[in-house]
Each structure stands twice: as C-alpha cells, then as structure tokens.
Amino acid sequence: MTSAQNLADGALGTVLLHLETSNWPAAHTALRAAVADGVSIAGGASLYYGAPALAYVLATIDQPSITRAKAIAATGTATVTRRRLETAHRRIDHRQRPVTSEYDLIRGLTGLGVVLRRIGDLELLREVLTYLTRLTEPLDGLPGWWCPTGPDRTRPGPVGGHSNHGLAHGITGPLALLALTLTDGIEVDRQRAAITRICDWLDQWEHQTGDLRWWPEICTLDDLDRGTVRQPEPPRPSWCYGTLGITRAQQLAARALHDTARQHAAETAFTACVNDPHQLDRLTGMGLCHGTGGLLATGRRIAADALTPIPTTPLLHRHQRTTAPPVPPLGLLDGTTGATLATAGLTTSWDACLLLC
C-alpha cells in the first residue's frame, strides 16, 4: 500500500490537521502528496485507505476547485462499497462467519458507511445499514458478528473464535453508526432492533469492579461456557478497545432510542473510568488510538451530549502532561497528527472518522 493515501499514518491525516488549524496552503501541499501515486479502489480500500479515505477528507473542504476530485473519490467509494456489500451478503447467505475486517470501522463496511454519511450518499448508506442490521442477527446460537479467528491476525486465535467489542474493530463500531444515522433520521427496516440486540449483548458482558463498570475487549466460547471472562480487570481505557469507545457507542445508542437510563449508565461508567488513576496511568502515550489524545477526543464528545455536566479540562491537562512521544512519530491514529488534533479542539467534525460524532 502507498502510505501517502493512508488516513491512519499517511499524508491524508496531515490534511485533516491543516484543515482543522485553517492552514489551507499546507493542506493543499499534503493533499497533492497523498494523491501523487494515484488512489486505490482495490481490496484494501477503506475509510482509512484509498478512495474512501480521500473522499472523507475532501468532504471537509468547501472549494469549487476540488469538485471534480470529490466526484471521482465518491465514485471510487461507491465502487468499493458495492463490491464489499455483495461479498458480505453472499457470505451471510451461505451461513458463514465474518472476519472483523468485513464489518469494522478501520477496514470494513462500518468505516465505508462513515464515508457515505459524510459525503451524503444516503441511498448507498442505507444499503450499508441494511447489511449491518443483518450482521446482528444470530447465527447457530452465536451473534452474527462472531468471528471465527482471533483479534490479532498475526497470532492463532481462541478456539471457536470470538466476539470483539472494541469501537475500532468490534461490534460497537456498527452500534455507533446505526445510532448516529438513526439520530440523523436515516432508518432502515430492523435498525432499532439491531441497536437493541447489540446493547443487550453488551449488558450481558458488563462487569463491575468496585464502582467501575467495564466491558471485556473480547468474549470467547470458553467465556460463554463459564458465563464470565478470564480478564480480571478493566482493559486499558483506550478509544479503540476500552471503556472510552464502548461508553460513547452506548451513549449514542441511548440517545437514538431515547433511553435515558442507558445514557446515564454509560456516562456514569465513563466518568468513573476517567477518575480512576490506576486506569489512566496505563495511557502512556499521546495518540488517539491508545493514548490520552483518544481520552480527550472521546471525552469532549461524551461531555457535549451528557445529561449532566462532565468537565473536560482535567482530560486536556492530562493530555498536555503526557511526555512520552507518540509512536510512530507521525500519523493520525498513533502519532503527533492525532495528538495535535485532540489538543486543537473541535472546529470541524474531523473526529467522525473515530465514530465519535
């Protein structure tokens, strides 16, 4: 893959930073670097790579000079999405299980749905939502999103596969998109039932340690047999897999369904998490994915929609006090680009690529 057209750690992420800070000349230079070698619509194209990533970024720019580029990127996104939908529906028809990259935010159809929502292709977005509702329907006694492999593609997974709960790679990504679009007024058949089904599953695997409520990163067949997970304590409070992303998805679902009890519970779980020094000390970097940048970006969005006030200044101070340099040094998800965007605040909805809004 050409790294320049990668939103996660390439030039496209840098474009978002320059647009957020109103530096159009620098954004234009980074944009030209991103497309210098062409833009992919191959199998790896997604929200974070290729034509869909470009379409996402270009949607932030309101300049007539890029109208044609927007149209080309949108066409490429539609091509990729239709191809992926056809494959996914065929897989379901054959009663086979999905890999997480079929449906997740980073590489899958949830991420493509984020792009379609951003560029306004509502007809194709509804097709993605229809697929996501179908994804939630049980298959042979397990959730439809149950993956036959493990969460790490480089290592053998647990016997029988797993249910992934992270916002980046798991079922809370589809939950957030289903909820956001319902709030937008975009609804397909059984969408509300799909949201409820995912929430019910998360309720089943909610754990409590003292005053802390948390959810395991994954659930395995062994966990199902025992009725609990082996994970002894809350995971690292990251955007991608931890309480931050999961509570934001649940808050969005609660708002979409007008479920104030669930919304209050999600916000309470978030507040307890970010006031627990033991958990926060595990965030040693400044990045969005695993670090204090994600803490700040997620916290701002949760606070903006909260039923009761949630202060975000302590989150900003925590982010600013983090001294460990991001690894890699550049990039949106793990590098300085994302860390700087989190500090800059919210003048655009750049964080929609994190499914926070």
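# Packing, burial and cysteines in a predicted model

Trainee: Which residues does Thr322 touch, not counting residues up to four places away in sequence?

Mentor: Thr322 is found in the loop between α15 (313–321) and α16 (336–344), where helices are DSSP runs (H or I, at least four residues; strands are E, at least two), numbered from the N terminus. Contact here means heavy atoms within 4.5 Å. With residues up to four places away in sequence left out, the partners of Thr322 are Thr284, Gly285, Met286 and Thr292.

Trainee: At what pLDDT do side-chain atom pairs count in this predicted model?

Mentor: Residues are numbered from 1 along each chain as its sequence is written, and side-chain values use heavy atoms, with hydrogens and water left out. Because the model is predicted, totals for chains, interfaces and linings use all residues, whereas local features need pLDDT of at least 70 and side-chain atom pairs count only at pLDDT 80 or more.

Trainee: Is Thr322 buried or exposed?

Mentor: The side chain of Thr322 reaches the backbone oxygen of Arg318 at 2.9 Å, which falls under the heading of a polar contact (N or O atoms within 3.5 Å; within protein, one must be able to donate a hydrogen and the other to accept it, and residues adjacent in sequence count only if both atoms are side-chain atoms). For accessibility, buried means under 20% relative accessible area, exposed over 50% and partly exposed in between, with a 1.4 Å probe and protein chains only. At 12% relative accessibility, Thr322 is therefore buried.

Trainee: Which backbone oxygen does the side chain of Thr81 reach?

Mentor: Thr81 lies in helix α4 and, at 0% relative accessibility, counts as buried. It touches Leu109, Leu112, Leu116, Leu124 and Val128, leaving aside residues up to four places away in sequence. At 2.8 Å, its side chain reaches the backbone oxygen of Thr77.

Trainee: How are α3 and α4 oriented to each other?

Mentor: Helix α3 (residues 51–58) and helix α4 (residues 67–93) pack with their axes 8 Å apart, at an angle of about 140 degrees; axes are lines fitted to C-alpha atoms, for helices over the stretch in contact, and angles run from 0 to 180 degrees between N-to-C directions. Residues of α3 in this contact include Leu54 and Leu58, and those of α4 include Ala73 and Thr77. Angles under 35 degrees count as roughly parallel, over 145 as roughly antiparallel, 65 to 115 as roughly perpendicular and the rest as oblique. The two helices, α3 and α4, are therefore oblique.

Trainee: How many of the 11 residues of helix α6 are buried?

Mentor: What covers the buried residues of α6 includes α3, α4, α5 (100–103), α7 (122–135) and α8 (172–184). Among the buried residues are Leu109, Leu112 and Leu116. Helix α6 (residues 109–119) is largely enclosed by the rest of the structure, because the number of its residues that are buried is 8.

Trainee: How many disulfides does a search of the whole structure find?

Mentor: A disulfide is a pair of cysteine sulfur atoms within 2.5 Å. The sulfur of Cys289, a buried residue at 9% relative accessible area, is 3.6 Å from the closest cysteine sulfur, in Cys240, and so too far for a bond. Cys353 is buried too, at 0%, and its sulfur is 8.7 Å from the closest cysteine sulfur, in Cys357, again too far for a bond. Across the whole structure, the number of disulfides found is 0.
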